[in-house]
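Please go through the packing of this protein chain with me.

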Amino acid sequence: MKLSQNFLIDKFFVSKFSSYVKNDIKPVVEVGCGKGNISKVINPDLCIEIDDKFIKYLRAYNLIIADARFLPIKRGQIVSSLPYSITEDFFLEVSKLDQVISLVLILQKDFIDKILNYATYISFLLNYIFDIKTHEVIPPSAFTPSPKVYSIIVTFMRKRAYNAKVDEYLKCVSRFRNKKLKNVGEYCGFISNSEKRVREFKPCQVIELLNLMGLNYV
């Protein structure tokens, strides 16, 4: 796997990012610690890093060499300047970890814009499980090497447990964005009278979408 490594070095944004970490949610698990620029400020209980060339920088932070797409943790708070190439795989993994309550992340701004505004499977799933709040936008110059895109600090607080049935339905309906919900039911196994097309639902309207699919228990 090719590693896409861009490290936050701007002290102002390191400080802003660190300010969103909640001291009362333990353990604090940092993913992708790199040279420890953020680790030095937040002092994580556990550090997960895939690249063993950074071991010498991270010995003080209970380092585990592992892939963030297959997290060796079950609970707590995740803090990360996440490699953009694994963002979606990471979220599909962490969404299922019900005892991971809080996430403080640096994400590609284009990705979070889609999560908040476009009717896609991952957008619906994340808005179903988490309260999502955006914070400071970070310019490429704040990283080394500089990425080609803008980034943004985002916090996620879990509001619901993962539900495999809901996940299955969201994945199915998202394949038929241009169809009316009443017609999608025959493909996805539910009955609906709604004339709205799947693409007309904002991700934050995921509960309305599920209720119109007859999943009123959510």
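This is a predicted model: local features need pLDDT of at least 70, side-chain atom pairs count only at pLDDT 80 or more; totals for chains, interfaces and linings use all residues.

Residues are numbered from 1 along each chain as its sequence is written, and side-chain values use heavy atoms, with hydrogens and water left out.

Q: Within what arc do the buried residues of α8 fall, seen down its axis?
A: Helices (H or I, at least four residues) and strands (E, at least two) are DSSP runs, numbered from the N terminus. Buried means under 20% relative accessible area, exposed over 50%, and partly exposed in between, with a 1.4 Å probe and protein chains only. In helix α8 (residues 181-188) the buried residues are L181, V184, G185 and C188. They line one face of the helix, because their directions from the helix axis to the C-beta atoms fall within an arc of 115°.

Q: Why is the pair of F7 and F54 edge-to-face, and how many residues apart are the two?
A: Rings of Phe, Tyr and Trp (its six-membered ring) pair if their centres lie within 6.5 Å; planes under 30 degrees apart count as stacked, over 60 as edge-to-face and the rest as tilted. The rings of F7 and F54 have centres 5.4 Å apart and planes at 80°, so the pair is edge-to-face. F7 is in strand β1 (residues 7-8) and F54 in the loop between β3 (46-49) and α3 (55-58), which puts them distant in the chain, 47 residues apart.

Q: What is the relative accessible area of F13, which pairs with F12?
A: The ring centres of F12 and F13 are 5.0 Å apart with planes at 80°, so this pair is edge-to-face. F13 is buried, and its relative accessible area is 11%.

Q: The charged end of K196 sits over which ring?
A: A charge sits over a ring if NZ of Lys or CZ of Arg is within 6 Å of the ring centre and within 35 degrees of the ring normal. The charged end of K196 is 4.1 Å from the centre of the ring of F201.
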